[in-house]
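Let's take a friendly walk through this model together.

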Amino acid sequence: MASLDKDLDPVLDKDGVRLTVDDAIATVTLTNPAKRNAQSPALWRALTEAGRSLPGTVRVVVLRAEGQSFSAGLDRQAFTPEGFDGEPSFIDLARGADAELDATIAEYQEAFTWWRRSDVVSIAAVQGHAIGAGFQLALACDLRVVADDVQFAMRETSLGLVPDLTGTHPLVSLVGYARALEICATGRFVSAAEAERTGLANLAVPLDQLEDAVRDLAAAVLAAPRDAVVETKALLRGAQERTYEEQRVAERAAQARRLRDLAGLGE
């Protein structure tokens, strides 16, 4: 089966990230399978740039990875005194001022935040290992379709660190506080079956069916009118912060906007 971004000219192709666009579907591909798509600050900047490069026609963004692993997490070179060429090492960052360290981590996090924009629906297609930053990148998306060989793990705590790439909020939202704590504190693997059972994955399929399953899900999302999907996504995203009564009010306001638009009375 053809890849989701086969024969498309890339909008962006740098630092282990390729972005292609096919009308309403954009595909972001991690392209360093030789290193199991290990992540670096350069890759994070490329992911941020990919989000900023999306044309207005895009309604669905698919995140996928080449090779046997989705992402093995942070490239361990970050922890060496040398770090990456042209980048401050993590050791150097730790020695810097608090404000500088905070700003740097905030910049890294930008690669993980845009996937939940209200104007797109993001789908992660995950196979093999999704460790640490790889797990958090999959969690950054709205939806996850996983292959039956997937192995999620949050290994930061085992290394004396904490997950800091925006993964803690969606993890707790999906599986609850107690299970999220257990997953993070132990660093254990989460299989495809458990991921689907606990809500981490929307769907688990055999590896050779992964791209077809993602393609079918994207088509199903595109079948609904764009404005209705945008309003529904915003409504659901805000539900966690609202009370029941506040959500009722938000539902009424959103529906009023949709009815006016359908009647040709929108602003």
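**Starting from the core**

The largest nonpolar core holds 49 residues, and Val28, Leu47, Val61, Trp115, Val126, Phe152 and Leu171 are those with the most contacts inside it. Here a nonpolar core is a set of buried Ala, Val, Leu, Ile, Met, Phe, Trp, Tyr and Cys residues joined through side-chain atoms within 4.5 Å. Buried stands for under 20% relative accessible area, exposed for over 50%, and partly exposed for what lies in between, with a 1.4 Å probe and protein chains only. Helix H4 (residues 133-140) gives the most to this core, contributing six residues. Apart from it lies another core, of 16 residues, with Ala147, Ala213, Val214 and Val221 among them.

Before going on, please note that this is a predicted model: local features need pLDDT of at least 70, side-chain atom pairs count only at pLDDT 80 or more, and totals for chains, interfaces and linings use all residues. Residues are numbered from 1 along each chain as its sequence is written, and side-chain values use heavy atoms, with hydrogens and water left out.

Which residues does Val61 meet, leaving aside its neighbours within four places in sequence? Val61 is in contact (heavy atoms within 4.5 Å) with Ala26, Val28, Leu54, Trp114, Trp115, Val120, Val121, Ser122 and Ile123.

Now step back to the whole chain. The protein chain has 10 helices and 10 strands; these are DSSP runs, H or I over at least four residues for helices and E over at least two for strands, numbered from the N terminus. For 267 residues, a compact globule would have a radius of gyration near 18 Å, and the 19 Å of the protein chain agrees with that. The radius is taken over C-alpha atoms, and the globule rule is 2.2 Å times the number of residues to the power 0.38. Along the principal axes, the C-alpha atoms fill a box of roughly 65 × 45 × 35 Å. Buried residues make up 45% of the 267. Of the contacts between residues at least 6 apart in sequence, 68% join residues at least 24 apart.

Next, look at two loops. Asp15 and Gly16 both belong to the loop between strand S1 (10-14) and strand S2 (17-22). Phi of Asp15 is near 50 degrees, a positive value in a residue other than glycine. Is Asp15 buried, partly exposed or exposed? Asp15 counts as partly exposed because its relative accessibility is 45%, while Gly16, at 19%, counts as buried. Beyond residues up to four places away in sequence, Gly16 touches Thr29, Leu30, Thr31 and Leu43. Asn37 sits in the loop between strand S3 (25-30) and helix H1 (41-52). Asn37 is not a glycine either, yet has a positive phi of about 55 degrees. With 1% relative accessibility, Asn37 counts as buried.

Gly16 and Gln255 are 239 residues apart in sequence and 42 Å apart in space, C-alpha to C-alpha. Arg258 is placed in helix H10 (residues 244-262). Arg258 is buried, its relative accessible area being 12%. Setting aside residues up to four places away in sequence, Arg258 touches Asp227, Ala228 and Glu231.
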